[in-house]
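Please look through the sequence and the structure shown below before reading on. The briefing that follows goes through the model topic by topic.

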Amino acid sequence: MNRVYLNDLYDIYSELLTDKEKEIFEDYYQNDLSLSEISENNSVTRNAIHKTIKNVEDKLNNYENKLNIYKKKQDIIKLLDNKEFDKIYDIL
C-alpha cells in the first residue's frame, strides 16, 4: 500500500485510533523503524506488530471508504487548481 496515501489517511483519521495503534503506525511509517525494532521496543512479537500495522491500515481504509474525506479533499484541491471555486460547495 502506498506510504504517502496511508500517511495522508493517518493525518485525517488518527484521532479514531488508539494511542498504541498511533504509536506503532508512527514508528513504522513515519520513523521508519523495522518490525523487529518496534516489537523490541514494545516487548511483543514481531507478528503482533505486523498484525497491528495491518489492522490500522484496514481501519484507515475503512474510515475513508465510509467518510470519503481524503477523496473530497483531493476533489477540492483539483477544483482550486482549475479555479472552479463555485463547484466546491457541491463537494461539501
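**Briefing on the predicted model**

Lysine 83 lies in the loop between α5 (69-81) and α6 (88-91), where helices are DSSP runs of H or I with at least four residues, strands are runs of E with at least two, and both are numbered from the N terminus. This is a predicted model, in which local features need pLDDT of at least 70 and side-chain atom pairs count only at pLDDT 80 or more, while totals for chains, interfaces and linings use all residues. Residues are numbered from 1 along each chain as its sequence is written, and side-chain values use heavy atoms, with hydrogens and water left out.

**Loop residues with positive phi**

- Lysine 83 has a positive phi of about 60° although it is not a glycine, and at 62% relative accessibility lysine 83 counts as exposed; here buried means under 20% relative accessible area, exposed means over 50%, and partly exposed is in between, with a 1.4 Å probe and protein chains only.
- Aspartate 32, in the loop between α2 and α3 (35-42), is likewise a residue other than glycine with a positive phi, near 55°.
- The relative accessible area of aspartate 32 is 60%, so this residue is exposed.

- Two packed helices are described by the angle between their axes and the distance between the axes.
- The axes of α1 and helix α2 (residues 19-30) come within 11 Å and cross at roughly 150°, the axes being lines fitted to C-alpha atoms, for helices over the stretch in contact, with angles that run from 0 to 180 degrees between N-to-C directions.
- That crossing makes α1 roughly antiparallel to α2, given that angles under 35 degrees count as roughly parallel, over 145 as roughly antiparallel, 65 to 115 as roughly perpendicular and the rest as oblique.
- The contact between them is made by Arg3, Leu6, Asn7 and Tyr10 of α1 and by Lys22, Phe25, Glu26, Tyr28, Tyr29 and Gln30 of α2, where contact means heavy atoms within 4.5 Å.
- The axes of α2 and α4 come within 10 Å and cross at roughly 100°, and these two helices are therefore roughly perpendicular to each other.
- On the α2 side this second contact is made by Glu21, Ile24, Phe25, Tyr28 and Tyr29, and on the α4 side the residues include Ile49, Ile53, Val56 and Leu60.

**Aromatic rings**

- Rings of Phe, Tyr and Trp (its six-membered ring) pair if their centres lie within 6.5 Å, and planes under 30 degrees apart count as stacked, over 60 as edge-to-face and the rest as tilted; by this rule the count comes to five aromatic pairs.
- The rings of tyrosine 13 and tyrosine 63 have their planes at 45° and their centres 5.8 Å apart, so the pair is tilted.
- Because tyrosine 13 lies in helix α1 (residues 3-13) and tyrosine 63 in helix α4 (residues 46-67), the pair ties together parts that are 50 residues apart in sequence.
- Tyrosine 13 has a relative accessible area of 3% and is buried.
- One aromatic cluster is formed by Tyr10, Phe25, Tyr28 and Tyr29.
- The charged end of arginine 3 sits over the ring of tyrosine 28, 5.6 Å from its centre; this description requires NZ of Lys or CZ of Arg to be within 6 Å of the ring centre and within 35 degrees of the ring normal.

**Residues in and around α1**

- Leucine 9, which lies in helix α1, counts as buried at 0% relative accessibility.
- Not counting residues up to four places away in sequence, leucine 9 touches Ser14, Leu60, Asn61, Glu64 and Tyr70.
- Leucine 9 and lysine 59 are 50 residues apart in sequence, and their C-alpha atoms are 9.9 Å apart in space.
- Serine 14 is placed in the loop between α1 and α2 and counts as buried, at 10% relative accessibility.
- With residues up to four places away in sequence not counted, serine 14 touches Leu9 and Lys22.
- The C-alpha atoms of serine 14 and leucine 60 are separated by 8.2 Å, although the two residues are 46 residues apart along the chain.
- Leucine 16 lies in the loop between α1 and α2 and is partly exposed, with a relative accessible area of 45%.
- Lysine 22, found in helix α2, is buried with a relative accessible area of 15%.
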